[in-house]
Amino acid sequence: MDSRSGVQDETWLITGAIATLLVIVVVTMVAWNFRKKALRRKLIKARLEYFNSGAPIPLDPELAVSDQAELLPYNKKWEFPRDLLKLDEVLGSGAFGVVRKAQAKTICPRETVTTVAVKTVRPTANLNCMKALLRELRILVYLGQHLNIVNLLGACTKNIDLGELLVIVEYCRYGNLHDYLVRRRVNFIDQLNEFGEKLCDSAAREDAIKVDDVGKNTDSRSDRNSTIVNCSNNVTSKTRDARVDDCSPSVSLMELNAPLKYPGDRTNFNSRPTCTHDLVCWAWQVSCGMQYLGAKKIIHGDLATRNILLTDDNVVKICDFGLSKSLREEENQKSTENGPLPVKWMAIESLRDRVFSTRSDVWSFGVVLWELFSLARTPYPLIRPEDMCRKLAEGYRMEKPPYAPRSIYQMMLRCWKAEPSERPSFEKLTINIAVLIEEHVKTFYLELGNPYTKIYADIWKRERETAISAEESGTIGEDLQ
Ligand SMILES: Nc1ncnc2c1ncn2[C@@H]1O[C@H](COP(=O)(O)OP(=O)(O)OP(=O)(O)O)[C@@H](O)[C@H]1O
């Protein structure tokens, strides 16, 4: 009896010792992990402060700037007082980050409160996500302003060691182009003629909308041909008169002679149907934005309609600079958690050798064109992601999407040339797409882009400096409490 209880005691003792040991190991591991995380956060903050104070490390001219983003300086002038920012609802979340709508006080000139979008990393995300967002912030600082990119407005970096990094960018009210196109499939107006060539001009498009039943899906070729064919793309007053007969007998001459303003439908932009003209205009704007990125030696690496946002005046803006790409590279990940597999947007050399360049962005732009003119269908629907590389190497390319003018499809095919140097540059693509757009529309966007030039940047900078000095003297910030 005694010896049995002795054995039992011994067993309890051993079990207790093992359990204690296990608890010690687990606690040590958790503490170690916590310390490691805290140390890495401190390191990130220290690096940020170092870049704030010191001169930037010279970049290697042989490499793309986006490949050495860690060396780009973060200038303190972008720091935005946290207490002037009021976070609202979640706009969307990607695999690594969360984007929230927010109200920012005095962030833009001549506006007391501006609606903005704020990029953050998920609270549960690992530190690589934080590093990637920081990288994106540096790229945005370096990029400067352009109408067709989602511009940086400010950042809150002071609590980075506590895991909070907020990157404040322009808010684009219509969200990403992919989801927008899906919603717009139902009453899309196809403006191609039966040869898949000509488009009506935008004024005619308006008339066509009046003539056509707005709620009707003009998907079938016969419907489309019966309403808006034979429309001239080059509008002179004579051809415009001729076009009245062809396209819309209901329009008065007085209306046509009024000075053209674009977009003529600004007031009911979200309620009017999307048409082929919009797709061409968006393609042109994306190409303009990409041309700007290319000139700045930034490789996007994940160009897709899900990373293009739509805002007022039919303006589209490219977003998500390198966040997902850099994380995919670090984590060797081939797909995003929520979205379609990015392999379908990747150039053949990126799939094969993990090589990214402006020319591989051109390939992705070809896929973006395909998405636009198919109203956001999933590319290569019948091909499994793992077969993509082989199929492309065998020469397989997607067919013309239903709403693409033939010239646009030829452009897609050139973007998908296996040899990167044979692909067109964004400069060339911009020029070629511009041919399909009326002069007054181009002028409208070029003028809209003017405020993004230096003059605007200077005013903005001055006002920001005033705001920061006011914050330092503690005179602003009370209203958002
Ligand atoms: N500036 C913005 N204005 C309005 N909505 C935005 C803005 N930025 C992002 N969104 C919305 O939030 C969604 C998620 O954005 P985010 O860039 O995190 O995601 P993603 O591109 O799907 O993710 P990933 O980081 O995996 O590439 C977008 O698809 C868009 O609908």
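A residue is called buried when its relative accessible area is under 20%, and because Arg-423 has a relative accessibility of 2%, Arg-423 counts as buried. The model is a predicted one, and the points below are grouped by topic.

**Salt bridges**

- Side chains of opposite charge can pair when their charged atoms come close, and in this model the count comes to 15 salt bridges.
- Arg-423 pairs with Glu-349, with 2.8 Å between the closest N and O atoms; Arg-423 lies in the loop between α13 and α14 while Glu-349 lies in helix α10, so this pair ties together parts that are 74 residues apart in sequence.
- Glu-349 is buried too, at a relative accessible area of 7%.
- Arg-173 forms a salt bridge with Asp-312, where the closest N and O atoms are 2.7 Å apart, and both partners are partly exposed, Arg-173 at 49% and Asp-312 at 34%.
- Glu-386, which is exposed at 56% relative accessibility, meets Arg-384 in a salt bridge of 3.9 Å, N to O, and shared partners join Arg-384, Glu-386, Asp-387, Arg-390 and Glu-394 into one network.

**A buried residue**

- Phe-373 is found in helix α11, residues 358-373, and is buried, with a relative accessible area of 0%.
- Leaving aside neighbours within four places in sequence, the contacts of Phe-373 include Thr-276, Leu-279, Tyr-403 and Pro-405; the C-alpha atoms of Phe-373 and Pro-405 are separated by 8.7 Å.

**A surface patch**

- Ile-14, Ile-18 and Leu-22 make up a nonpolar patch on the surface, together having about 300 Å² of accessible area.
- Ile-14 belongs to helix α1 and is partly exposed, at 48% relative accessibility.

Note on methods:
Residues are numbered from 1 along each chain as its sequence is written. This is a predicted model: local features need pLDDT of at least 70, side-chain atom pairs count only at pLDDT 80 or more; totals for chains, interfaces and linings use all residues. Side-chain values use heavy atoms; hydrogens and water are left out. Helices (H or I, at least four residues) and strands (E, at least two) are DSSP runs, numbered from the N terminus. Buried means under 20% relative accessible area, exposed over 50%, partly exposed in between (1.4 Å probe, protein chains only). Contact means heavy atoms within 4.5 Å. Patches are made of residues with over 30% relative accessible area and no salt bridge: like charges are joined within 9 Å, nonpolar side chains (Val, Leu, Ile, Met, Phe, Trp, Tyr) within 5 Å. Accessible areas come from the Shrake-Rupley method with a 1.4 Å probe; for residues, only the protein chains shown count as cover. A salt bridge is a side-chain nitrogen of Lys or Arg within 4 Å of a carboxyl oxygen of Asp or Glu.
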